[in-house]
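Keep it to the contact itself.

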Amino acid sequence: MGKLIFSGFDASPPCRAVKLTLAALQLPYEYVIVNPLTKDQHSPEYLKKNPQHTIPMLEDDGKYIADSHAISAYLAKKYGKDSSLYPSDVFQSAIVDQRLHYDSSTLFTSTLMSITKPLIFQGKTEIEKSKISAIAEAYDLIETFLGDNDYVAGPELTIADFSFITTICVLMIFFEPDSSKYPKLNAWLKRIKELPYYEEASGVGATQLESLIKSKNFTIES
Ligand SMILES: N[C@@H](CCC(=O)N[C@@H](CS)C(=O)NCC(=O)O)C(=O)O
């Protein structure tokens, strides 16, 4: 196995999803900090490796992969000792893929980033009510995804749990999921946060992002 080089920033949810995958797989790696607050991802050197200028990015044996979902799936398939984090069963892996696409398109991008991008980068401080309703809709769906299972894509922990937890922890700053309305979601949150590697791989960065968001003194449209 060659050296894995991971470019990211702890506060970034997709970077923390990959850090959780790396920790679950017990993979050593070199961590290169690429800070989006100082636009490090626009350096010519970084753009050569990832023209999409996003973090996270993984370098493995001189090859570059961008997008947290693609990176986590790659790591689990290539380095997983078994197929539990990304199932080899075709149907089960399609369920994991569906959850990853949902995070990528809806949960992270249209639900979370539509709030945090204007807040952090454009100086906007009032959040529209409709954006909070979208968070509630997402919680409703995740409560349904969980059903009778302990994890978001079935009975086993998968990389989909890592993507969801890192996005949801930030959504919770804007709208807390009440445990009487969302008992399964709350039990799942507790389950994931109890993973022995959770705090180091994700909890610390989640707290950093929470402080940054709260420093913007945002309000929610009444
Ligand atoms: N779908 C991508 C989203 C990555 C993403 O948008 N990352 C943000 C930081 S949280 C970023 O790189 N923003 C800087 C930019 O787009 O230039 C993933 O899962 O990796």
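This is a predicted model: local features need pLDDT of at least 70, side-chain atom pairs count only at pLDDT 80 or more; totals for chains, interfaces and linings use all residues.

Residues are numbered from 1 along each chain as its sequence is written, and side-chain values use heavy atoms, with hydrogens and water left out.

**Layout**
- The domain assignment gives domain 1 (4-79) and domain 2 (90-220); such bounds come from an automatic or database assignment.
- Their C-alpha centres lie 20 Å apart.
- Domain 1 puts 18 residues into the contact, and domain 2 puts in 24 (contact: heavy atoms within 4.5 Å).

**Buried area**
- The two domains bury about 1700 Å² between them, 74% of it on carbon and sulfur atoms (accessible area, 1.4 Å probe, lost on putting two parts together, summed over both).
- Arg16, Leu20 and His69 supply 40% of what domain 1 buries against domain 2, more than any other three residues.

**Polar links**
- Between the domains there are 0 salt bridges (a side-chain nitrogen of Lys or Arg within 4 Å of a carboxyl oxygen of Asp or Glu).
- The count of residue pairs in polar contact is 3, both residues at pLDDT 80 or more (N or O atoms within 3.5 Å, one able to donate a hydrogen and the other to accept it; residues adjacent in sequence count only if both atoms are side-chain atoms).

**Side of domain 1**
- Helices H1 (13-24) and H3 (68-79) are the elements giving two or more residues to the side that touches domain 2 (DSSP runs of H or I, at least four residues).
- H1 gives the most, with 9 residues.
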